[in-house]
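Subject: Handing over the structure

Hello,

Here is the structure I promised to pass on to you. Have a look at it first, and then read on for what turned up in it.

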Amino acid sequence: MCADRSNVILASRRFAKTARLTLVLFSALAGTAGAAAGDKTDVVRDLAGRVGPIVGSALACRDIARPRIQAIVDKFTAVIVEASSNEAERSDLTQSFDRSVADGRGAVTTGRTDCRSADRQLTDLERSIAGPGPGPSVAAIAPSSAAAATSPTAPVAAGSPVRGVTDQEIRFGIAAPFSGSAKELGRQMKLGIDTAFNRVNEAGGVEGRMLKLIAADDGYEPTRTTDAMKQLYEKDQVFGIIGNVGTPTALVAVPYALERKLLFFGAFTGANVLRNDPPDRYIFNYRASYAEETDVVVRYLVKLRRIPIRQIAVFAQQDTYGDSGFAGVSKAVRALGVNDASIVRLNYKRNTVDVDDAIIQLKLQKPPIKAVVMVATYRAAAKFIEKTHDLFPGMIYTNVSFVGSTALADELMLLGPRYASGVIVTQVVPAVSGYSSIVLEYKNALAKYFPGEAPDYVSLEGYVAANVLIQGLKRTGPQLDTEKLIDVLENTRNFDLGLGANLGFGRAEHQASHKIWGTALDDNGKYQAIELE
């Protein structure tokens, strides 16, 4: 009881300090009218990290009047608009604010603060914004816009020799799409990792250090990935990367990480660029590869559904993600003793739903195609199914796990149950509707830390990958650095998270799992388990 009271008192003191610093930052922003756009956005990003938790903790308390909170949100929204020079900057700052709001909610729901402190904090902020400008003593400690632009989000403690590690926290980064047509993949991956981090943080963290995840938006475009990685490494000073989304973006992010000996863990991609033989020292995967997924599905179509190989086509994104999936199908066909030269590839461009050329090519095939292996994202996959479903009655559609299972189901159910029914997705995690130990743990944690969020295959993968990393961090002990963690991971074998299969790494094995689960949508848009072998 005393410990709980002490924690609340400490949190209250921190909140009072935050309110004072928020006033300083508003003043600093006001002084950047003639500053460069980048300076402005960095000041506002810092401000978001201070105002957001105040708003979030207030939102978690029913007795705090919503108009008070909305007034703060409206003021800060105006600040974002004023500081942004384009829509991308506005979206990035809004996401930073939203993440900080979620952190504030979590502080109340996990007991790190209470509603009395949240109300006091909100009152202090209201007074700070409404009151006169700061006196000389406050202005003296106000950071300049240049300092705000160059200082890390959470500075490393003085004398700390390890980037991203202090006595209080370990910072990780994720570069993923939080805007654009694949944004749900990034949001869900981050959600799963945050859920795992919140769970371990509530229990005291790892060796007393809280795990923190910082996100950077690359829009699923490789041309933006370098900037996203640079932000995480140089500005945010992260210890490692976890949960990056995509293959084309990985082609940029992986070399960036390797050149800096930066841990690159649990990416949401099954591409071979992350699976060299022997493996790159700093790259670790949780999931099965696309080659493994497509091998299983080709064998399923040929042996169980009796589809001739010449009547199987591949609908693929026209980039390295599509290339990886197509290569997996080709390899599986060759393994069956058949020439892969006749496999038809139907392409579409990344971040579009332009499938018309693919459909024209599909119509030309003789004999007609009976099954399509899809290596796509959810919107393009749904559009392809919508436009071909009635043209090719009885067509079998299969998808690799990267598609985004829940998002795909939602898109198809909007079209109608007949479009969803029977669509197959291979998974690299167990069914979210099941009752395995890891799934129950995940669903309980998700409901606790992010109430209202539905269980999802992508967020479950993020949760599992984060827990694999957490196991490694715990085994490394208090003297954490990248090389020690990697040595521990390479000697972590046969540990059980409740997946139904043991996980492990080795010096020649940097992929923890090779297991694949089969699922198919029913008439209600729910995934049901199917046997693939």
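A search of the whole structure, which is a predicted model, finds 16 aromatic pairs. Where do the two residues sit? Phe172 belongs to strand S1 (residues 169–176) and Phe197 to helix H8 (residues 183–202), so the pair ties together parts that are 25 residues apart in sequence. Phe172 is buried, with a relative accessible area of 0%, and Phe197 also counts as buried, at 1% relative accessibility.

Setting aside neighbours within four places in sequence, its contacts include Phe197, Leu211, Leu213, Val238, Phe239, Leu263, Leu469 and Leu473. Phe172 also turns up in the largest nonpolar core, which has 122 residues; the ones with the most contacts inside this core are Phe172, Tyr286, Phe315, Phe384 and Leu408. Helix H18 (residues 457–476) gives the core its largest share, 11 residues. Apart from this core lies another one, of 23 residues, with Val44, Ala58, Ile72 and Leu125 among them. As background, nonpolar side chains in soluble globular proteins tend to be buried together.

Back to the rings for a moment. Tyr220, Phe268, Tyr290, Tyr321 and Phe402 are linked into a cluster by ring pairs. There are also charges placed over rings: the charged end of Arg260 sits over the ring of Tyr256, 3.5 Å from its centre, and Lys515 lies over the face of Trp517, 5.1 Å from the ring centre.

Tyr256 brings us to helix H10 (residues 250–259), where the buried residues are Ala250, Ala253, Val254, Tyr256 and Ala257. Why do these residues line one face of H10? Seen down the helix axis, they fall within an arc of 165°, so they share one side of the helix. In general, an α-helix has 3.6 residues a turn, so residues three or four places apart point the same way. What do the buried residues of H10 pack against? Their partners are helix H9 (222–235), strand S4 (263–265) and strand S5 (283–284). After H10 comes Lys261, which has a positive phi, near 55°.

Best wishes

Note on methods. Residues numbered from 1 in each chain as written. Predicted model: local features only at pLDDT ≥ 70, side-chain atom pairs only at ≥ 80, totals over all residues. Heavy atoms only, no water. Phe/Tyr/Trp six-rings, centres within 6.5 Å; stacked < 30°, edge-to-face > 60°. Helix = DSSP H or I, 4+ residues; strand = E, 2+ residues; numbered from the N terminus. Buried < 20%, exposed > 50% of the residue type's maximum accessible area, 1.4 Å probe, protein only. Lys NZ or Arg CZ within 6 Å of the ring centre and 35° of its normal. Core = buried A, V, L, I, M, F, W, Y, C linked by side-chain atoms within 4.5 Å. Contact = heavy atoms within 4.5 Å. Arc of directions from axis to C-beta.
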